[in-house]
Protein chains: 2
Amino acid sequence: MKWITGGVCAAKGFLASGIHCGIRKNKTKKDLALIVSGTRAAAASIYTANLVKGAPIYVTKDNLADGYAQAIICNSGNANTCNADGIDIAMGMCDLVAKHLSVSANDVIVASTGVIGQPLSLAPMAEHMAALAGSLSIQGEQAAAEAIMTTDTIKKEAAVAFEIGGKTCRLGGMAKGSGMIHPNMATMLVFLTTDAAITPQMLQKALVLDTQDTFHMVSVDGDTSTNDMVSILANGQAGNEPIEGEGEAFEVFCKALNAVTSTLCKAIAKDGEGATKLLSCIAKGAAAKEIARKVAKSVICSSLVKSAMFGADANWGRVLCAIGYSGAAVDVSKIDVAFSSPVGLVAVCKNGAGIPFCEDTAKDILTKDEINILVDLNDGDQTATAWGCDLTYDYVKINGDYRT
Amino acid sequence: MKWITGGVCAAKGFLASGIHCGIRKNKTKKDLALIVSGTRAAAASIYTANLVKGAPIYVTKDNLADGYAQAIICNSGNANTCNADGIDIAMGMCDLVAKHLSVSANDVIVASTGVIGQPLSLAPMAEHMAALAGSLSIQGEQAAAEAIMTTDTIKKEAAVAFEIGGKTCRLGGMAKGSGMIHPNMATMLVFLTTDAAITPQMLQKALVLDTQDTFHMVSVDGDTSTNDMVSILANGQAGNEPIEGEGEAFEVFCKALNAVTSTLCKAIAKDGEGATKLLSCIAKGAAAKEIARKVAKSVICSSLVKSAMFGADANWGRVLCAIGYSGAAVDVSKIDVAFSSPVGLVAVCKNGAGIPFCEDTAKDILTKDEINILVDLNDGDQTATAWGCDLTYDYVKINGDYRT
């Protein structure tokens, strides 16, 4: 497996584009993205667990009922959620894709992201759909990745190449993150494309398995979005023997998927609203995988840990506190905690109690922009990693006046 | 029932004091509080559900095993949590009380609040215990309430007088709040005193019942503290017929308890770290009490709702979003949302969808410092209220450098 460029256009047969159509007021910001496969593709998706769901979620679920799709359309600037006519608008977006491309309307994955509860008009999309379709290209992945950004400050893309049965396959993706991100089913918008041949059933299985250790393990602010969705299209154009069950090929595929998704997870966490630092909590020595996951997630979600990391304060008591209320069955008296970053590692807690450490060393480590919080439960051999970010003044600033 | 002054000294037979003994570096800040009943009192307590518990929690639990206590000692500036010698120190604090007063060491409720994982020395407390005991007085409630403050900006006290069987009883309390506050068993330090006569069993029952609708319904930052405790002493000096079971007298007692505890809850929420506003979410029309509680708490806990309230932004979509991930079974299409404050009310969502409203009116309402978020589930007759505060730059500032 090797890293390649190209994002959602890295896999054979995929084109993408992104434009400003007018949903956002700021004309320099793209707000409509399109991804299309030259042929119908196996499709899988995971949706937010929030009971309040964006209208596009319902339409996409219906469209993917047969396990196949061919295009993805996504707007930013408006979530199309809690709108009386939301379903009609989401279906209208699919119709627009069908009208301008040789794709059936029920082979379209539709998504929206932005403010909840504001009417979304089809008009600007209808007006610019010809331009969006006309600009589809194999180099369009960056424009598409830009068009799904909300408060994101950077585009989030990744892609890998890998071999299955002697055939080179590619898998790439793009993500929109930033705010309202909390582990619960899917946790943001992520669109993945691959030219590997795989059945819809195995594609869904791979996505569900992978998400447990990737998108479920990211939190920016504890708020589970209404519009989260992770979708993948697999068009089979790599020409490999189709993956129809578990085995070596499936494992290779899952490994490639994980490389791309975990890279996107880190990018989402690092670019969390107002964030200055990527926090990774690695919980090891757990008696069960689920314990490791709960512990790592709880630490990453703690407002007090996040604030301390912003202030480069080695306040490990807050890490223990977050482990204590995680709901995981742990033996507090066995827990070790350390902080690390590219410049070093400092152990701060042993067997659940503080140990002497050099505050200057800790400060040096914690002023870097990628911090690891290392938790050893000393109670087994299971490990999990969760990704988050620090809590900063800018998170408050961004969210105090997001809507107006 | 009427409101009276006097806090923890309002009830007959209770004295209190608070001094600076040297645990905190800042000499203008009191850091050691003492409350004593002239006679042994029925005692009840509720403790944090965090698996990481402060040493004082274990010692207090042991001391209350027989249902009686006579004194409360509490220091601020150090949580005595995750310290290898924590239990010895907490027991040492009880011994100090016993040495200077005619109180048995195992009739002492001991509590600590402050930084986790830093060694706590008995020396400053031993040195100043004579002064603390010597300054006990019926006017000492304010000094005691001051001495348990951490990042609190105001003292939190309340008291009421009420009648049971023709006898006047009093019940008062003080609280320490501010940060690491999230509903899960008790959620802060609260000490209550009453001269009503009631058995330890009924006192515990009253406290557990009350907490469901009061301290469980407060959240400042989603972090459940390691040291939370709500304790009550009832010394019976009012001379009423002892409350030994349910009935009219028990109900009167519970009502008085609720008046004091809900007042303390609001004070804690309003003085949350960095807060500029008290947020009350009143969820009504629920099919079950637990649904109303879950909905109200979820709204109050949302970082995005809290940030929007800081910015006086009527972003009701975030309220719906928080209801959607609350875990409560609700019918989204029936939900109405409105915001109110002393200057008015504005309805913003009807049947789960946005309705037109005047942004200027909404802004006027939301710029006040006490905001109600009114949720009607239109699905039954159960109601619950939760209290929280806005998320501000100052929360981050306070918690970015709390320890150092």
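Visitor: In which loop is Ser302(B) found?
Guide: The model is a predicted one. In it, Ser302(B) belongs to chain B, where the helices H7 (289-301) and H8 (303-310) leave a loop between them. Ser302(B) is found in that loop, between helix H7 and helix H8.

Visitor: Is Ser302(B) buried or exposed?
Guide: A residue counts as buried under 20% relative accessible area. Ser302(B) has a relative accessible area of 1%, so the class is buried.

Visitor: What distance separates the C-alpha atoms of Ser302(B) and Leu391(B)?
Guide: Along the chain, Ser302(B) and Leu391(B) are 89 residues apart.

Visitor: How many of the residues of strand S6 of chain B are buried?
Guide: Strand S6 of chain B covers residues 156-164. The strand is largely enclosed by the rest of the structure, because the buried residues number 7 of the 9.

Visitor: Which residue stands opposite Trp3(B) in S6(B)?
Guide: Strand S1 (residues 2-3) of chain B pairs with S6(B) in the antiparallel sense, over 2 bridges. Within S6(B), the residue opposite Trp3(B) is Val160(B).

Visitor: S6(B) and S7(B) form a hairpin; which residue in the turn has a positive phi?
Guide: S6(B) also pairs with strand S7 (residues 167-176) of chain B, in the antiparallel sense and over 9 bridges. Ala158(B) stands opposite Gly173(B) in S7(B). The hairpin has 2 residues between its strands, and the one with a positive phi, of about 55 degrees, is Gly165(B).

Visitor: Which are the edge strands of the open sheet of 6 strands in chain B?
Guide: The order of this sheet is S13-S12-S11-S14-S10-S15, with mixed pairing. An edge strand here pairs on one side only, and this holds for strand S13 (353-354) and strand S15 (382-389) of chain B.

Visitor: What angle does the direction of helix H6 of chain B make with that of S15(B)?
Guide: Helix H6 (residues 248-270) of chain B packs on the sheet. The strands touched by this helix are S10 (278-286), S14 (370-376) and S15 of chain B. The angle between the directions of H6 and S15(B) is about 40 degrees.

Visitor: Turning to chain A, which residue in S14(A) stands opposite Asp336(A)?
Guide: Chain A has an open sheet of 6 strands in the order S13-S12-S11-S14-S10-S15, with mixed pairing. In this chain, strand S11 (residues 336-341) and strand S14 (residues 370-376) pair in the antiparallel sense over 5 bridges. The residue opposite Asp336(A) in S14(A) is Asp376(A).

Visitor: What angle does the direction of H8(A) make with that of S14(A)?
Guide: H8(A) packs on the sheet and touches S10, S11, S14 and S15 of chain A. Its direction and that of S14(A) make an angle of about 135 degrees.

Visitor: How many aromatic pairs does a search of the whole structure find?
Guide: The search covers all chains. The number of aromatic pairs it finds is 5.

Visitor: How many residues apart in sequence are the parts tied together by the pair of Phe162(A) and Phe253(A)?
Guide: The two rings form an edge-to-face pair, at 6.3 Å centre to centre and 65 degrees between the planes. Both Phe162(A) and Phe253(A) are buried. Phe162(A) lies in strand S6 (residues 156-164) and Phe253(A) in helix H6 (residues 248-270) of chain A, so the parts tied together are 91 residues apart.

Visitor: Why is the pair of Phe310(A) and Tyr393(A) edge-to-face?
Guide: Planes over 60 degrees apart count as edge-to-face. The ring centres of Phe310(A) and Tyr393(A) are 5.4 Å apart, and the pair is edge-to-face because the planes are at 85 degrees.

Visitor: Which residues do ring pairs link with Phe310(A) into a cluster?
Guide: Phe310(A) is partly exposed, at 24% relative accessibility, and Tyr393(A) is partly exposed at 31%. Ring pairs link Phe310(A) into a cluster with Tyr393(A), Phe310(B) and Tyr393(B).

Visitor: What radius of gyration does chain A have?
Guide: A compact globule of 404 residues would have a radius of gyration near 22 Å. The value for chain A agrees with this, at 21 Å.

Note on methods:
Residues numbered from 1 in each chain as written. Chains lettered and ligands numbered in written order. Predicted model: local features only at pLDDT ≥ 70, side-chain atom pairs only at ≥ 80, totals over all residues. Heavy atoms only, no water. Pairing = 2+ DSSP bridges. Helix = DSSP H or I, 4+ residues; strand = E, 2+ residues; numbered from the N terminus. Contact = heavy atoms within 4.5 Å. Axes fitted to C-alpha atoms, helices over the stretch in contact; angles between N-to-C directions. Rg over C-alpha atoms; globule rule 2.2 N^0.38 Å. Phe/Tyr/Trp six-rings, centres within 6.5 Å; stacked < 30°, edge-to-face > 60°. Buried < 20%, exposed > 50% of the residue type's maximum accessible area, 1.4 Å probe, protein only.
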